[in-house]
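Take a first walk through this structure.

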Amino acid sequence: MKRDQLRRGVIVSCQAVEGDPFYGSELMATMALAAEIGGAVGLRINSAPDIVSVKKKVSLPVIGILKRHYANSLAYITPTIVEVEEVINAGADIVCIDGTGSIKPDGKTTEQFIQTIKARFDVPVMADVATAEEGVAAWRAGADLLATTLAGYEHYLQNPQNYDPADNFRDPDYEIVRELAHQVSIPVLAEGRFWTPEQIIHAMELGAYSVVVGSAITRPQLITQRMARAVDDFLQGSEQVC
Ligand SMILES: CC(=O)N[C@H](C=O)[C@@H](O)[C@H](O)[C@H](O)COP(=O)(O)O
């Protein structure tokens, strides 16, 4: 895969967890195929079975992650070399890891973790970060790409029980995109809470290499919720007026 393939486009994140109506590798591969037909330049896929299934059906480059929670660490996106190996063996073209300041479950810092991956595998490493400082540190440690995935999720990183579905509808964090695009010399992917073409273009104007879109394309329950909430808000407003 050429890294340039991901340049200046929309990367679609196709993820569903157990309990989600779209949970299942076949369904995720179908989502990925729809993304390819629609003009996506790449995919972000969670778990080895989903990566294998997507790779059979779609020819787009795959950024592979494996979300796994450990009791002793806040890092959950491909947090150790065990998950890295699973993702790479499944056929991911890029492996994406937790690039935050959190110590990983095996005691490594992000810097040590990136260096370990680089020593063992010849696959580009992407780092998901929450702050510009973390992005700069991951770049200095050898990351090949950055994504702003975790910006705005600090409360969730501290405790996954703090998850609030309303988080998905807040504006993207443009500031981290702007800062990183000025500070590093590797691609910065804007990711997290992109719902409209206008938001995507704004991130591109600020220097994003590409934009990763997940929920707005692949989580129909959230798409519905967003519209249902808009109607609720409208009705509440109009009832007050009446
Ligand atoms: C915070 C976290 O764990 N984000 C995850 C990272 O893989 C996914 O749940 C998101 O869907 C993905 O980042 C795309 O973002 P959005 O769905 O907002 O377009």
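Start with Glu191, which stands opposite Val212 in β8. The model is a predicted one. Glu191 belongs to strand β7, residues 188-191. Strand β8 covers residues 210-213. The pairing of β7 and β8 is parallel, and it runs over three bridges.

What lies along the path from β7 to β8? Helix α8, residues 197-205, does. Together, β7, α8 and β8 make a β-α-β unit, and the unit is right-handed.

Now turn to the other neighbour of β7. Strand β6, residues 145-147, pairs with β7. This pairing is also parallel, over two bridges. Within it, Leu146 has Val188 of β7 as its bridge partner.

Are the faces of β7 covered or open? Both are covered. On one side, Val188 and Ala190 are buried. On the other, Leu189 and Glu191 are buried.

Strand β4 spans residues 94-98, and strand β5 spans residues 125-128. They pair in the parallel sense over four bridges. Here Asp98 has Asp128 in β5 as its bridge partner. Strands of a sheet pair through backbone hydrogen bonds, in a parallel or an antiparallel way.

Conventions
Residues numbered from 1 in each chain as written. Predicted model: local features only at pLDDT ≥ 70, side-chain atom pairs only at ≥ 80, totals over all residues. Buried ≥ 20, exposed ≤ 12 C-beta atoms within 10 Å, placed from the backbone. Pairing = 2+ DSSP bridges. Right-handed = clockwise from strand over helix to strand, strands pointing away.
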